[in-house]
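Q: I'd like to learn how to read a helix, a sheet and a helix pair. Could you walk me through them, starting with burial?

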Amino acid sequence: MNEFAVPTFTQLEPGDDQRWSTWQAIIPSQRGPEPRPDWVVTSAAAFDTELGIVKTGKEADVFLIERAVPGEAGAVMAAKRYRSTEHRDFTRSSQYEEGRRTRRSRDTRAIANKSTYGRAIAADHWAFAEFDALCRMYAAGAPVPYPVQVNGTELLMEFIGHGATAAPRLAQVRDGLDGLLEQVVEAMRLFARAGYAHGDLSPYNLLVHDGRVVVIDLPQIVDAVTNPNGLDLLHRDCTTIAVWFTRQRVKADAEELFASLLAELY
Ligand SMILES: Nc1ncnc2c1ncn2[C@@H]1O[C@H](COP(=O)(O)OP(=O)(O)OP(=O)(O)O)[C@@H](O)[C@H]1O
Ligand SMILES: [Mg+2]
């Protein structure tokens, strides 16, 4: 190097709004299914940069994260972080959890008691449950974000949107609703064929990205047959969807939809 050469600046340590990519630290079963989309960044040299918050919710907050090796193009992801100690509402959990078990009974009791320990496990549990549900539904070919990884209370998944702007929720969309109903029904069919009901389906948990419907918010998916509330939850999903579309003047019949999904289950 002569004395006039200007060295290229390479960032060696993460900055304040950054951390080392957590990819290397997690065990393979907490990484998304293969084949992985080519945008997934697996390099040990990558940083995760927090770009902002997408939405704060009742049980979790969704952040926008970029994972990139400094100086290279990276991937933007949604980081859904479940709350552990703040005011979370666990009451709705029970109907989804019947017929499901946590492996350790101490954990089950702690969750039931809502102790601090219980809340911490419950937050991990919901993050993992959503990761697992995304993996299953992704494998079933359903339109869901690709699950990149889960690490404690944080789930990283494909960001549905353009640049840093999240795709609108179906609730905000007014155009092309006929075609969107067809897509929602098709997505429900894929869930049912795999044996599941979403369990909390609504125009707020459906994103519309470039005319394509993407189903989100899956931690509570239920086995429609073995869960004692499975069919009720499936029926409720059908009603919510049919009522919303009908209000938008797109005719949809909840009972017909329910019957057609039942046929996929059995
Ligand atoms: N993968 C994603 N890509 C883009 N936006 C997302 C993604 N996941 C979630 N969001 C945004 O964050 C919001 C909240 O996500 P989600 O519904 O999964 O969490 P929640 O805790 O149930 O929130 P809420 O209490 O508002 O229902 C969504 O409505 C959507 O706008
Ligand atoms: Mg939601």
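A: Gladly! A residue is buried if 20 or more other C-beta atoms lie within 10 Å of its own, exposed if 12 or fewer, and partly exposed in between, with C-beta atoms placed from the backbone. Helices (H or I, at least four residues) and strands (E, at least two) are DSSP runs, numbered from the N terminus. This is a predicted model, in which local features need pLDDT of at least 70 and side-chain atom pairs count only at pLDDT 80 or more, while totals for chains, interfaces and linings use all residues. Residues are numbered from 1 along each chain as its sequence is written, and chains are lettered from A and ligands numbered from 1 in the order in which they are written.

Q: Which residues of α5 are buried?

A: In α5, they are G230, L233, L234, D237, C238, I241, A242, W244 and F245. They lie on the same side of α5 because they cover an arc of only 165° around the axis, taking the directions from the helix axis to the C-beta atoms. The general idea is that an α-helix has 3.6 residues a turn, so residues three or four places apart point the same way. On the face turned away from the buried side of α5, V243 and R247 are exposed.

Q: What do the buried residues of α5 pack against?

A: Contact here means C-beta atoms, placed from the backbone, within 7 Å. The partners of these buried residues are α4 (177-193), β9 (196-197), β12 (222-223) and α6 (254-265).

Q: How do α4 and α6 cross?

A: Two packed helices are described by the angle between their axes and the distance between the axes. Axes are lines fitted to C-alpha atoms, for helices over the stretch in contact, with angles from 0 to 180 degrees between N-to-C directions. The axes of α4 and α6 come within 8 Å and cross at roughly 35°. In α4, V185, M188, R189, A192 and R193 meet L257, L261, E264 and L265 of α6.

Q: What is the order of strands in the open sheet of six?

A: Strands pair if DSSP finds at least two bridges between them. The order is β1-β2-β3-β4-β6-β5, with antiparallel pairing. β1 (18-20) and β5 (147-151) are the edge strands, each pairing on one side only. Inside the sheet, eight bridges join β2 (residues 47-56) to β3 (residues 60-68), and T49 stands opposite E66 in β3.

Note on methods:
Contact = placed C-beta atoms within 7 Å.
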